[in-house]
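Me: I'd like to go through this model with you before I set anything up. Can you take my questions one by one?

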Amino acid sequence: MSDLKKLLRQAAKPVLFLLTFIFICAFLAHYLSGDETLLEYAKNHPEQAYGKQKENESDTTVTSDKSTAYTDTKDSIPDTSVEPSADTPQDTVKAEEKSDIMEYYSDRTTYKEGFFYEPLSEAVKERITGISYPESGCTVPYDDLNYVGLKYIDFEGKEQTGELICNKAVAQDMTEIFYELYRNEYRIERVRLIDEYGGDDTASMADNNTSCFNYRVVDGTSNLSKHAYGLAIDVNPYYNPYVVFQRNADGSDYISPPGSEIYADRSQSFAYKIDENDLCYRLFTEHGFTWGGNWNSTKDYQHFQKTID
């Protein structure tokens with residue numbers, strides 16, 4: 001029996017030591033953390049108790065900035081922001097904003113940066129209706145036409161932004177051709193809608209404006225021009241005039257626009273002249289266009305047109 005008591009006394013010593021150590025640790029932890037328990041301290045100081053939270057575990061919702069989602073555009077992105085009501089979920093609002101933007105650009109085809117085509121917007125329709133596009137009697141539906149945005153190098157060697165309207169059947173051709181002209185620094189004085197000239201073809205030519213769609217007849221006839229269908233374009237027209245041989249009453253040639261008579265003599269060498277060695281000629285003919293400079297009784301050196309089925 002005495003041996004058993006002796007054995008128990010020996011075993012109790014380390015147990016008592018361990019309990020004393022635990023009590024001291026608990027007392028120190030409680031003292032160091034104020035009135036907080038270890039569990040309370042951990043809750044109040046999670047960065048100390050559990051370490052710093054990883055960035056990818058953050059509760060913050062990351063959303064893309066719609067203002068940088070689209071960069072290759074002529075026009076600025078429309079303001080499609082929606083003022084949410086108190087009970088409108090934020091994720092629903094952002095989804096609506098994204099949907100509106102995607103719809104705005106869904107029909108745009110971009111060939112290269114700064115070169116694109118798309119159906120006529122309501123704003124463009126308002127610009128042309130009653131000018132190049134008659135308010136009544138026009139046999140060409142709006143849906144047959146495309147708006148083309150492009151860049152070009154002007155006579156001063158500066159980059160400019162241009163626009164034209166053409167038949168949707170040749171819109172891809174136009175973007176590809178004008179991109180190559182731009183890339184090769186081919187000089188074009190200006191590329192504006194003819195509506196800026198009140199739809200007056202002569203005024204547009206006199207200003208050396210390159211243009212395409214204009215619902216009008218061929219000069220001196222009652223026949224609709226290929227321009228009326230958006231299937232023809234005039235490039236640098238002042239330096240590449242329209243000539244009808246012996247049309248005037250005195251038997252002289254009719255040359256348009258006025259003032260460009262000197263450029264009707266194609267035997268001369270001068271800047272901006274379109275001939276069969278010219279890059280503009282090569283590009284348009286490679287895309288299936290015919291050149292008015294190859295006609296017989298009439299020469300339209302500025303003019304390229306395409307026939308579609």
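Me: To start, how many helices and strands are there in the protein chain?

Reply: This is a predicted model, and its protein chain holds eight helices and 12 strands. Of the 309 residues in the chain, 39% are buried.

Me: What does the accessible surface of the protein chain come to?

Reply: The accessible surface is about 18900 Å², and carbon and sulfur atoms account for 51% of that area.

Me: Now R266, where is it found?

Reply: R266 sits in the loop that runs between strand 9 (254-256) and helix 8 (279-286).

Me: Then which side chain does R266 join in a polar contact?

Reply: The side chain of R266 makes a polar contact of 2.7 Å with the side chain of N240, and a polar atom of the R266 side chain also lies 3.0 Å from the backbone oxygen of I274. Leaving aside residues up to four places away in sequence, R266 touches Y239, N240, P241, K273, I274 and Y301.

Me: Switching topic, which residues make the nonpolar surface patch of about 300 Å²?

Reply: That patch is made by L18, L19 and I22, and I22 belongs to helix 1, which spans residues 2-32.

Me: Why does I22 count as partly exposed?

Reply: I22 counts as partly exposed because its relative accessibility is 48%, and that class lies between the buried limit of 20% and the exposed limit of 50%.

Terms used: Residues numbered from 1 in each chain as written. Predicted model: local features only at pLDDT ≥ 70, side-chain atom pairs only at ≥ 80, totals over all residues. Heavy atoms only, no water. Helix = DSSP H or I, 4+ residues; strand = E, 2+ residues; numbered from the N terminus. Polar contact = N/O pair within 3.5 Å; in protein donor to acceptor, adjacent residues only side chain to side chain. Contact = heavy atoms within 4.5 Å. Patch = residues over 30% accessible without salt bridge, like charges linked within 9 Å, V, L, I, M, F, W, Y side chains within 5 Å. Areas by Shrake-Rupley, 256 points an atom, 1.4 Å probe, with all protein chains shown as cover. Salt bridge = Lys/Arg side-chain N within 4 Å of Asp/Glu carboxyl O. Buried < 20%, exposed > 50% of the residue type's maximum accessible area, 1.4 Å probe, protein only.
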